[in-house]
Amino acid sequence: MRFWYLGAYIQDDWRIRPNLTLNFGLRYDFQAVPQEVNGKISNRRPITPGGDYAATGIHVIGDPLYLNPTTKNFAPRFGFAWDPWGNGKLSIRGGAGMAYDRLFNNSITNKYNINTVNVPA
């Protein structure tokens, strides 16, 4: 199984007042759909988008494993730095942002290792 990951981030700082700085940023995360080296991956996919896998699924061999949900992973960030007295001796900082989790390779490949039967020789 192979896949690649891309992450990019841009940020800008604005000094609103001599004692207040705001930070705004935007992160983009993209992870490609895992692909089997020889194109022999099999999966059950719904015929209609958003359909029920059990009722409308078809068995497919070959890539892609699934439709990529990560193409719109834009995550905004916000931060601030404030010096309440303006003398440089105290700084109050904070920030918040959205984050997207990555799909790690072991979460895909490990599912093939469960529910196996070991028959003694």
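Is D29 buried or exposed? It is buried, with a relative accessible area of 6%; buried means under 20% relative accessible area, exposed means over 50%, and partly exposed lies in between, with a 1.4 Å probe and protein chains only.

Before I continue, please note that this is a predicted model, in which local features need pLDDT of at least 70, side-chain atom pairs count only at pLDDT 80 or more, and totals for chains, interfaces and linings use all residues. Residues are numbered from 1 along each chain as its sequence is written, and side-chain values use heavy atoms, with hydrogens and water left out.

D29 belongs to strand β2, residues 20-31. Strands here are DSSP runs of E of at least two residues, numbered from the N terminus. Apart from neighbours within four places in sequence, D29 is in contact with Y5, L6, G7, T70, N73 and Y100, where contact means heavy atoms within 4.5 Å.

Which side chain makes a polar contact of 2.6 Å with the side chain of D29? That partner is Y5. A polar contact is a pair of N or O atoms within 3.5 Å; within protein, one must be able to donate a hydrogen and the other to accept it, and residues adjacent in sequence count only if both atoms are side-chain atoms.

R27 also joins D29 through a side-chain polar contact, at 3.0 Å. This pair forms a salt bridge, its closest N and O atoms being 3.0 Å apart. The rule requires a side-chain nitrogen of Lys or Arg within 4 Å of a carboxyl oxygen of Asp or Glu, and the count comes to one salt bridge. In general, side chains of opposite charge can pair when their charged atoms come close. R27 itself is partly exposed, with a relative accessible area of 23%.

Let me turn to the sheet. Its four strands form an open sheet in the order β1-β2-β5-β6, with antiparallel pairing. The edge strands, each pairing on one side only, are β1 (5-17) and β6 (92-97). Two strands pair if DSSP finds at least two bridges between them; β2 and β5 (residues 74-82) run antiparallel and are joined by nine bridges. Within β5, A75 stands opposite R27.

Finally, N87 is found in the loop between β5 and β6. N87 is partly exposed, at 47% relative accessible area, and its side chain reaches the backbone nitrogen of K89 at 3.0 Å.
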